[in-house]
Amino acid sequence: MENMKVFSVKVEDGREGRDGKPSVGPVYRNLLAKQGYPPPDPEMSTTWTLFSSSVEKYPGNRMLGWRKFVDGKVGPYIWKTYKEVYDEVLHVGSALRASGVEPGCRVGIYGANCPQWVMAMEASGAHSLVCVPLYDTLGSGAVNFIIDHAEVDFVFVQDIKVKELLNPNCKSAQRLKAIVCFTSLAEEDNAKASQMGIKTYSWTEFLHMGKENPWEISPPQPFSICTIMYTSGTSGDPKGVVLTHETMATFVCGVDLFLDQFEDKMTVDDVYLSFLPLAHILDRMIEEYFFHRGASVGYYHGVCYWSSVSLRNSLVEEM
């Protein structure tokens, strides 16, 4: 026990209850904040500055990885570098602006974790748009509620989720102006969306639009809203949690400070195998931290969303 490292410090003694007031236990704080909380880093104030600075530092590093089906079997990992992702993010952002999306608009993302999910997320940050993850684990009516409640007008969606989005029970989808598929939409879904007055794009079509219509980025301020994440809460409709860019960036800085206490250091050779949905704040913040450090994120190709693990490249040679 004598050699056990201490990570917290008492900053306030407990107090006995008096005059009808309850007793209060002592207050503990992380050891790194013994003399007060560290000030925010002005160079790391938004998710966009975190991402764009990593592109400058690690342009050739592997950033996002996924696996394709080849002859009915899952093939080896394919990777995009930080620079490749950045270029695609700029095209996605330009296409959004060319479609009439203005800073402050809410952009929905609906589907399993994949590179397109992250690129839509980063493009939202580049133009001060609010990323709103959509997911149906909260119940069949959750997507309908979130689109209406968050006033989402534009959605990036996985191909297998399009039918749920265009389902007659999802009445809020009628407010959508456009849908971009992570891959491409079936003709039936294109026709249905057209009948509803919703424009549709495949990922390739949207990238082409962005290339043909380049748009200057409109980066956010620290107190700009970064994302609205919906949670089940205790009962009733999902509850939207508003998170600013400063909140997200402060978390990343805090992990840096915390990990400095350990001998084992994270490196650019670390790989995160992503299982937990990006619609949850835990997975998003882990991935944001890996991007900050110039490391890699590989996406699980199965259907299990409830576990995640960090792996060294040497342990996943197929990547």
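I looked up glutamine 158 and found its side chain reaching the backbone nitrogen of alanine 112 at 2.9 Å. I took a polar contact as a pair of N or O atoms within 3.5 Å; within protein, one must be able to donate a hydrogen and the other to accept it, and residues adjacent in sequence count only if both atoms are side-chain atoms. This is a predicted model: local features need pLDDT of at least 70, side-chain atom pairs count only at pLDDT 80 or more, and totals for chains, interfaces and linings use all residues. Residues are numbered from 1 along each chain as its sequence is written, and side-chain values use heavy atoms, with hydrogens and water left out.

I placed glutamine 158 in the loop between S7 and H5; helices (H or I, at least four residues) and strands (E, at least two) are DSSP runs, numbered from the N terminus. Buried or exposed? Glutamine 158 counts as buried because its relative accessibility is 17% (buried is under 20% relative accessible area, exposed over 50%, partly exposed in between, with a 1.4 Å probe and protein chains only). I then listed what glutamine 158 touches, leaving out residues up to four places away in sequence: Tyr110, Gly111, Ala112, Cys181 and Phe182. Contact means heavy atoms within 4.5 Å.

Next, helix H4.

I found Ala142, Val143, Phe145, Ile146 and Ile147 buried in H4 (residues 142-149). Their cover includes strands S5 (106-110), S6 (130-134), S7 (152-157) and S10 (225-231), plus helix H5 (162-165). After H4 comes glutamate 151, with a positive phi near 60 degrees.
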